[in-house]
Amino acid sequence: MRLQVVIRYIGVVLLVLAAFMLLSAGISYASNIDTSYSPLVMSSLLTLLIGCFPLIFVPPTDRISTKEGFCIVVGAWIVACLVGMFPYLMWGGEFSIINAWFESVSGFTTTGASILNNIEALPRGLLFWRMSTSWIGGVGVVMFALVILPSIGKSKMMLSNVELSSLAKDNFNYRTQTVVRIVLSVYVILTVVTTVALKLGGMCWFDAICHAMSACATCGFSTKNASIAYFNSGLIEWILAIAMILMGIHFGLIYATITGKRNNIFRSEITRFYFAIIICASVCITLSLWFADVYPSILVSLRNALFHTASFITTTGYATADCNLWPSFAILTLIFCSIVCACAGSTSGGLKIDRLLLAIKMLRNRIRSQQHPTAVIRTKIDGVSQDSEMLGTVSVYIVAFMMMILAGTFLNTMFGADLMTGFSAAVACASNVGPGFGEVGTMDNYSAMPIVTKLNLTVLMLLGRLEIFGLIQLFFIRWWR
Amino acid sequence: MTGIRKRVTIGFLSIVVLLFFSGLVSLFELNNMSRDIESILDSSRRSIELSESMLDAIRANDRAVVNYAVLRDSTYADSCRLSFEAFSAKVDQARRETSASASPLFDSLDMFARRLSGVVEELRASRAIENLLLLDSMSGGALSFDGRRWYDKNYLPVYNSTSNSVMRVMSLAQSTLSPRAERLSRNAYRSVTPVFISLLVMIAILLLFYYFIMIYTVNPIIKMNRSLGDWLRYKLPFNVKTECHDEMLELKEKIENVINSHKAQK
């Protein structure tokens, strides 16, 4: 493996981060040079220097091996999280080293969990940087660099293959360059549309941009302590709910729908299943809230239920209410949504609904094959037979994901968290949702967690974002031949 | 990719820039810290000066009242008013120069100052003492004014309360400075964070520089040297692979040309 090539491409990713830091410094400058201006400018210069250095020494290469590709993608995520800490650490406030690492990882992995007790105390420049980390992380830090920097050339294919999960590559019947462009175009267009809609819904431009970036990345960072509850607006909640649900759909399908292609969101079996789960979960939670007399009317219950279902299933994590006060059935439904999550090929994290659908079909086929031992039964999605290797990978991933949550819960409870807090925090971080229940509920944060728990949760976030095996492979790179 | 000379220069320049940057940031941060400490010391000094001047003014007023009311010296009639006005001016100045957070400390001082003002004003406006003194001299000392009693009963309690209030303001103003100093000492490490980060980046750059120099300059030279030695000694083929596209590649090609021409001459 050529380490210098890996370093070169990580440097390219750092250039993108430096550009966003400079943009945040620009926001700070426009806000009468707030206290985040010099931390952002300094961080940007340092990041630019580390990013440029390998580009001067290492010549570009067209050939990247799979092993190098893995190292570039995983290394880029980890280095981005480390560099993302710079503005937080330099600014100070509530950001200790662990807190800055937590916030940075939470942003880049689009988890949206926060350690901040007073978000509104942050200057605008730093708030924008916080949103930028989530927006860059939404499509993946390497994917971002692939589109913006044309110099990467033929290596794009290898890197995008590693960055995109195997499931996400379905519905993309184009060349790599086109796929990457489609992903970013859909992402940027939806962000712009959401920004305008939120502005029309009553937010100021800054809040509208920040919330659109965060919603489209399915991150859930807000500029307000009370999250979306601060705005107390039904219109804003509906706009965000629609944006979140859309961002949970495969980008290739959104593009196909916009361009009038045949394989659109209405024909996709996975999308139909995704909508069905959202509707079922919303109805169940609405009825649960209504029967428990949590809200005065069924309409208010429906509004809250739909918003939180969309927020949890798309792994965004926005909140308009303290879900800890909801009945156990509603909480359990939201935890189910947090584990299942949205479609592959979207910005959401978690298990992905595609895998759940495949698992259900495999289960059904297993029962059928026991009834008809000689029958050849294939598992199909949208009429296409799935190969056994893919089905095996899905099964292994589901088991690994559950083991990861179990291990996370075990560690959280070992360091003092109660069962509900420990379990929901592990689910929320592994699925990149953000808020959990108990002490880390929708109206709370992770500041009270012990240092070890915070570190454990950041590992879960990275494992969840890199779909477990990506990060694990890095530790076995020596044995990779 | 540029030539070796340029790359080495850029590498060293980057380190120099980082060193300069770290130095600049540390200077800036230390300057900020020094400014903060200076401001705390200035506030403390100013607070002591203002308290002293308030105490001086109120003591001057006391002396004037003693001379006027107790010692019956009518030339001090104006001094009573003027010294109290000086005291009021000092209180106003202290309030203006103290931070907004310490402003509530002056409320009780204001109350006592108003009471003192009432006593002094009443004494001065009624000209009671002057009249009494005049009557006293006309009656040949038959009518006596007990200035000491008036001073002890009417003036002294208010004077004591006011001067105590000045002392309290002084000590409270000092105590408002201590959290600032405490915060500064607690967050001192924050000031060195940017320097610490730039030093970390510098270490990373140094390690990268070392690694790249080894990969693209040192290792090819060692390989070429070894391979050339093997060719000279055992006539083994000169076979060196380099990834670089700079002077190293040129050197390798030139060595190969020399070897090929040598073979051709034979």
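These legends go with several close-up views of a predicted model. Because the model is predicted, local features are kept at pLDDT of at least 70 and side-chain atom pairs at pLDDT 80 or more, while totals for chains, interfaces and linings use all residues. Residues are numbered from 1 along each chain as its sequence is written, with chains lettered from A and ligands numbered from 1 in the order in which they are written.

**View 1. Helices α2 and α3 of chain A pack at an angle of about 150 degrees.**
The two helices here are α2(A), residues 37–57, and α3(A), residues 66–91, and their axes sit 9 Å apart. Helices in these legends are DSSP runs of H or I with at least four residues, strands are runs of E with at least two, and both are numbered from the N terminus. Axes are lines fitted to C-alpha atoms, for helices over the stretch in contact, and angles run from 0 to 180 degrees between N-to-C directions. That angle makes α2(A) roughly antiparallel to α3(A); the cut-offs are under 35 degrees for roughly parallel, over 145 for roughly antiparallel, 65 to 115 for roughly perpendicular, and oblique for the rest. The crossing is right-handed, meaning that the near helix is turned clockwise from the far one by less than a right angle. On the α2(A) side look for Pro39(A), Leu40(A), Met42(A), Ser43(A), Leu46(A) and Thr47(A), which meet Val83(A), Phe86(A), Pro87(A), Met90(A) and Trp91(A) of α3(A). Contact here means C-beta atoms, placed from the backbone, within 7 Å. By class, these residues come out as nine nonpolar, two polar and no charged. The nonpolar set is Ala, Val, Leu, Ile, Met, Phe, Trp, Tyr, Cys and Pro, the charged set is Asp, Glu, Lys and Arg, and the others, Gly among them, are polar.

**View 2. Helix α2 of chain A, end to end, spans 31 Å.**
From first C-alpha to last, the 21 residues of α2(A) come close to the 30 Å expected at 1.5 Å a residue, where the expected span is 1.5 Å times one less than the number of residues. Of those 21 residues, 15 are buried, so α2(A) is largely enclosed by the rest of the structure. Buried means 20 or more other C-beta atoms within 10 Å of a residue's own, exposed means 12 or fewer, and partly exposed is in between, with C-beta atoms placed from the backbone.

**View 3. Helices α4 and α5 of chain A have axes 6 Å apart.**
Residues 97–108 form α4(A) and residues 124–139 form α5(A), and they pack at about 40 degrees. The pair is therefore oblique. Ser104(A), Gly107(A) and Phe108(A) come from α4(A), and Arg130(A), Thr133(A), Ser134(A), Ile136(A) and Gly137(A) from α5(A). That gives two nonpolar, five polar and one charged.

**View 4. Helices α12 and α13 of chain A pack at about 135 degrees.**
With axes 8 Å apart, α12(A) (residues 269–291) and α13(A) (residues 298–313) share this view. The angle makes α12(A) oblique to α13(A), and the crossing is right-handed. Residues of α12(A) in the contact include Ile277(A), Ile285(A) and Trp290(A), while those of α13(A) include Leu302(A), Asn304(A) and Ile313(A). The contact divides into 12 nonpolar, five polar and no charged residues.

**View 5. Helix α17 of chain A sits among other helices.**
Its 12 residues, 419–430, reach 16 Å, close to the 16 Å expected. Ten are buried, so α17(A) is largely enclosed by the rest of the structure. Among the buried ones are Phe423(A), Val427(A) and Cys429(A), and the cover includes α14 (328–340), α16 (388–414) and α18 (451–465) of chain A. Just after the helix, Asn432(A) takes a positive phi of about 60 degrees.

**View 6. Chain B meets chain A through 21 residues of its own and 15 from chain A.**
The elements of chain B giving two or more residues to this side are α1 (4–70) and α6 (188–234). With 12 residues, α6(B) gives the most. The chain B side divides into 13 nonpolar, six polar and two charged. Overall, chain B has seven helices and zero strands, and 21% of its 266 residues count as buried.

**View 7. Ile15(B) lies in helix α1 of chain B.**
With 14 other C-beta atoms within 10 Å, Ile15(B) is partly exposed. Leaving out residues up to four places away in sequence, Ile15(B) touches Met202(B), Ile205(B) and Leu206(B). The C-alpha atoms of Ile15(B) and Ile203(B) are 9.0 Å apart, although 188 residues separate them along the chain.

Conventions:
Two residues are in contact if their C-beta atoms, placed from the backbone, lie within 7 Å.
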